[in-house]
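Please look over the model below before reading on. The text is meant to be followed with the coordinates open.

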Amino acid sequence: MTTTAHHIEPVAVAPKPTVGSHIRDYLSRVGGGDLGALPAVLGLIVLCVFFAIMKPVFFSAGNFANLFTQGAAVTIIAMGLIFVLLLGEIDLSAGFASGVCAAILAQLMAEQGAPWYLAVLAAIVTGVVIGLVLGFLVAKVGIPSFVVTLAGFLAFQGTVLLLIKGGTNVSIRDDVILAIANKNIVPWLGWVLTIIGIAGYAAVVLLSRRRRAARGLVTEPLAVAVGRIAALAVILGIAVFVLNQERSRNVVVVSLKGVPIVVPIIAALLIIWTFILRRTAYGRHIYAVGGNREAARRAGISVDRIRISVFVICSGMAAIGGIVAASRANSVDANTGGSNVLLYAVGAAVIGGTSLFGGKGRVLDALLGGAVIAVIDNGMGLMGLSSGQKFVFTGVVLLLAAGVDALSRRRAAATGTR
Amino acid sequence: MSVTPLLEARGIDKRFGPVQVLKDVDLTVTPGEVTALVGDNGAGKSTLVKCISGIYPIDAGEFLFDGQPVTIHGPRDAAGLGIEVVYQDLALCDNLDIVQNMFLGRERRSGLVLDEPTMEQMAAETLAGLSVRTVKSLRQHVSSLSGGQRQTVAIAKAVLWNSKVVILDEPTAALGVAQTAQVLELVRRLADRGLAVVLISHNMNDVFAVSDRIAALYLGQMVAQVKTTDVTHAQVVELITAGRSGDLGLAAEKIDNGVEYADTLTTPGAEQ
Ligand SMILES: Nc1ncnc2c1ncn2[C@@H]1O[C@H](COP(=O)(O)OP(=O)(O)OP(=O)(O)O)[C@@H](O)[C@H]1O
Ligand SMILES: [Mg+2]
C-alpha cells in the first residue's frame with residue numbers, strides 16, 4: 001500500500017465554538033429533524049396564551065399551583081415510562097400498576113393501621129415486584145411488551161377492585177400522605193431550595209466546563225453556559241415567586257401559599273433519574289440497547305438485565321405516582337390509575353420529545369409533556385368543556401406529538417442526523 | 001516462519017441445528033501480519049469470527065492464545081485477551097456519539113460517574129494515532145457519519161484497548177474507492193504497529209495489496225493458509241470457488257466423493 005494524502009480537517013483542532021456557531025449548530029440540528037424540546041415548549045406557550053385569553057383566571061396564582069398538583073401523578077408515571085420507551089418497549093399497565101400500589105398503601109393504613117412510611121415502602125416494593133415480573137416475561141420469556149403489559153393492564157385493574165374489596169373507595173387519613181399533594185412548603189424554604197437548585201446546576205455546568213477546558217477539549221462558550229444558568233434561575237424564580245403568593249380566598253380562615261410539596265419531590269426525581277441516565281454507565285447502556293440491541297450485546301452489555309431493569313423503574317415510579325394520586329384524591333377507588341392516566345403519561349413522554357421508536361428521550365421530557373397535558377386538562381376544564389371534549393382534544397395533541405416524532409425521524413434519516 | 005502465532009484456532013466445529021457451518025477449521029494469526037480470510041458467500045467467515053469473539057459457542061476444537069489454551073465464553077472474554085472484532089454490520093449505536101460508541105460497555109468512570117473528559121481525550125488520541133482526520137466533532141452522533149467514517153470509528157474502537165488481535169469483517173465492502181484505500185491503509189498500519197490483523201474481504205486486489213498471508217475457507221473448511229507472495233490471484237480464486245488449486249487445497253478425490261473431507265488438507269507456507 002502506498003500512502004494516499006487525505007485532505008480533511010483534523011479532529012482535535014475543531015474551530016473554537018462561539019455563541020454564533022452554537023446557535024447555528026442548534027438551528028441546523030432542528031432543521032435536520034432533531035427537534036428536542038422545541039415542540040413541547042412552543043405548544044406550552046401557545047396553549048398558555050390561548051387559555052389566558054379565553055379565561056383570565058387561568059393565570060392566577062391559585063390555578064398555577066393547581067397545575068402542579070393536577071399534573072404530578074401523570075408526570076411521575078411518565079418519568080418511569082420514559083425508561084421503557086427508550087428501549088422501544090411500552091408499558092400499558094403502568095396506570096393500573098399505580099392503582100394497585102395506591103390500593104395497597106391505602107389498605108395497609110386503613111385496615112392494618114400501618115404507619116405511613118411502611119405503607120409507602122410496601123407500595124414501592126409492590127411496584128418493583130410488578131416490574132420484575134413484567135420485565136422477566138418480556139426479556140427472558142420473550143413475550144412482546146405490548147402483550148405482557150396489556151395483560152397487566154387488565155389484571156391490575158382487577159387487582160385494584162379486589163384490593164378495595166368491592167367497596168367504593170378507601171379513604172386516606174394519614175396527614176403525611178395527605179400533605180404530599182395538598183400542602184405547601186413554607187415560602188422561605190421554597191426560596192432556599194430554589195437557590196440550592198440554581199447553585200447546584202451552576203456548579204455542575206461550570207465545573208464540567210472547567211474540567212474539559214483543563215484537558216484542552218472543546219467547550220461550549222462561557223456565554224452559553226451562563227445563559228443556561230440564567231434561564232433556569234429566571235424560570236425557577238418566577239415560578240417560586242408566584243407560588244409564594246397568597247392563594248387563599250379568605251386569608252383570615254386559612255392562609256394558602258408556598259410551593260406545593262409535590263414539586264420538590266418531582267424535582268428530586270427529575271435530578272436523580274437524569275443523573276442516572278446521563279452520567280452513569282447504566283444509563284449509557286440503556287441508550288445503547290435502545291439504539292442497537294445487537295451492538296450492545298456485542299459490547300458485552302447484559303441486554304436482558306437492562307430490559308428487566310427498565311420495567312422495574314417504570315413500575316416503581318408508577319407506585320410513587322399512585323401514592324401522589326391517592327394523596328390528591330384523599331382516597332383510592334376502583335378508578336385510581338385508570339381512565340386517562342396511562343394515556344396521559346404516554347402522551348406526556350411523547351409530547352415532551354421521547355421517541356416511541358426507542359433510543360431517544362430524556363427524563364425532562366416527562367415534565368415538559370406533563371405540563372402540556374396538565375395545561376390542556378386544566379384550561380379546558382376552566383372553559384367548562386366536557387370530559388368528552390377534553391379527551392378528544394388530548395387525543396389529537398398526542399397524535400400530533402407522535403406525528404412530529406415520526407416525521408422528524410424521517411427527516412433525520414433523510415439528512416443523516418437522527 | 002520465525003514468529004510464533006499469537007492466536008491459533010484448532011479443529012473448530014460449529015453447527016447451527018442440522019447445518020454444519022464450520023468443519024475442523026484451523027487458523028493461525030501472527031503478530032505484525034495481516035492475515036486475509038477469504039471464501040465465498042456463506043463459506044463461514046463471519047461465523048468463524050463470531051466463534052473467536054465468543055458470540056457463538058463452538059461445538060468442538062480449541063483456541064490457543066500465546067500458546068496457552070483459552071476458553072472464550074463471550075465478548076468480554078475475547079476483549080480480555082486483547083481480541084477485538086470489527087463486525088461486518090459494524091455494531092455501532094446510531095443514537096450515540098463517537099466517544100460513546102468507542103467506549104460502549106467499557107466506559108471510564110470516576111466513582112459512579114462517567115468520566116467523559118478522559119474518554120473524549122483517549123478517543124481523540126486514538127483517532128489521531130491512526131492518522132484519522134475525517135471527523136468534525138467527536139461528539140456527533142454516529143448516524144451522521146459517512147460509511148467510511150463509521151468504519152473508521154469501528155476500527156478505532158477496536159484498537160483503543162491496546163488490543164493484540166484485530167479482526168475486520170469486510171471493512172471495505174460498502175466503501176468507495178478513496179475510502180477503501182483509507183481503510184486498507186489503516187489496516188496495514190495496525191499490522192505495522194505489531195498487531196495481529198485478520199482481514200476478511202471478497203476483493204482480491206485488496207487482499208493482495210495488504211495481506212501477508214491468505215487463509216481460504218471453502219464450505220466451512222480451511223482449505224489453505226499460504227503466504228500471499230507464494231500464490232497468484234487465479235490460484236486464490238480457484239481455492240475460493242473450488243476448494244483446490246493445483247496441489248493446494250482439498251485433495252481432488254475427496255471433493256469428488258463429497259463425503260469425507262478435511263483430513264487431507266495441505267497447507268504449504270503455513271508450516272510452523
Ligand atoms: N445464526 C445462524 N443460524 C443458522 N445458520 C447460520 C447462522 N449464521 C450463519 N449461518 C449459516 O452459516 C453459513 C456461513 O455463514 P457466514 O455468515 O459465516 O458466511 P460468510 O462466509 O461470512 O459469508 P459472506 O461473505 O456472505 O459474509 C451460511 O450458510 C449461513 O446461512
Ligand atoms: Mg460474512
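This is a predicted model: local features need pLDDT of at least 70, side-chain atom pairs count only at pLDDT 80 or more; totals for chains, interfaces and linings use all residues.

Residues are numbered from 1 along each chain as its sequence is written, chains are lettered from A and ligands numbered from 1 in the order in which they are written, and side-chain values use heavy atoms, with hydrogens and water left out.

Chain A gives 36 residues to the contact and chain B gives 41 residues, where contact means heavy atoms within 4.5 Å. Between them the two chains bury about 3500 Å², of which 58% is on carbon and sulfur atoms; buried area is the accessible area (1.4 Å probe) that two parts lose on being put together, summed over both. The interface holds 2 salt bridges, a salt bridge being a side-chain nitrogen of Lys or Arg within 4 Å of a carboxyl oxygen of Asp or Glu. One salt bridge joins the side chains of A:R284 and B:E116, at 2.6 Å from N to O.

Within chain B, strand β3 (residues 34-39) has 6 of its 6 residues buried. Strands (E, at least two residues) and helices (H or I, at least four) are DSSP runs, numbered from the N terminus; buried means under 20% relative accessible area, exposed over 50%, and partly exposed in between (1.4 Å probe, protein chains only). In a regular strand the side chains alternate between the two faces of the sheet. On β3(B), one side carries B:V34, B:A36 and B:V38 and the other B:T35, B:L37 and B:G39, all of them buried.

Strands pair if DSSP finds at least two bridges between them. β3(B) runs parallel to strand β10 (residues 196-200) of chain B, with 4 bridges, and B:T35 has B:V198 as its bridge partner there. β3(B) also pairs in the parallel sense with strand β11 (residues 213-218) of chain B, over 5 bridges. B:T35 stands opposite B:R213 in β11(B), and B:G39 is partnered by B:L217.

β11(B) is largely enclosed by the rest of the structure, because 6 of its 6 residues are buried. It pairs in the antiparallel sense with strand β12 (residues 221-227) of chain B over 6 bridges, and B:R213 stands opposite B:K227 in β12(B). The hairpin of β11(B) and β12(B) has 2 residues between the strands, and B:L219 takes a positive phi near 45°.

Aromatic pairs are rings of Phe, Tyr and Trp (its six-membered ring) with centres within 6.5 Å; planes under 30 degrees apart count as stacked, over 60 as edge-to-face and the rest as tilted. By this rule there are 9 aromatic pairs over all chains. A:F64 and A:F68 are edge-to-face because their ring centres are 5.2 Å apart and their planes at 85°. These residues are 4 apart in helix α3 (residues 61-86) of chain A, so about one helical turn separates them. A:F64 is partly exposed at 25% relative accessible area.
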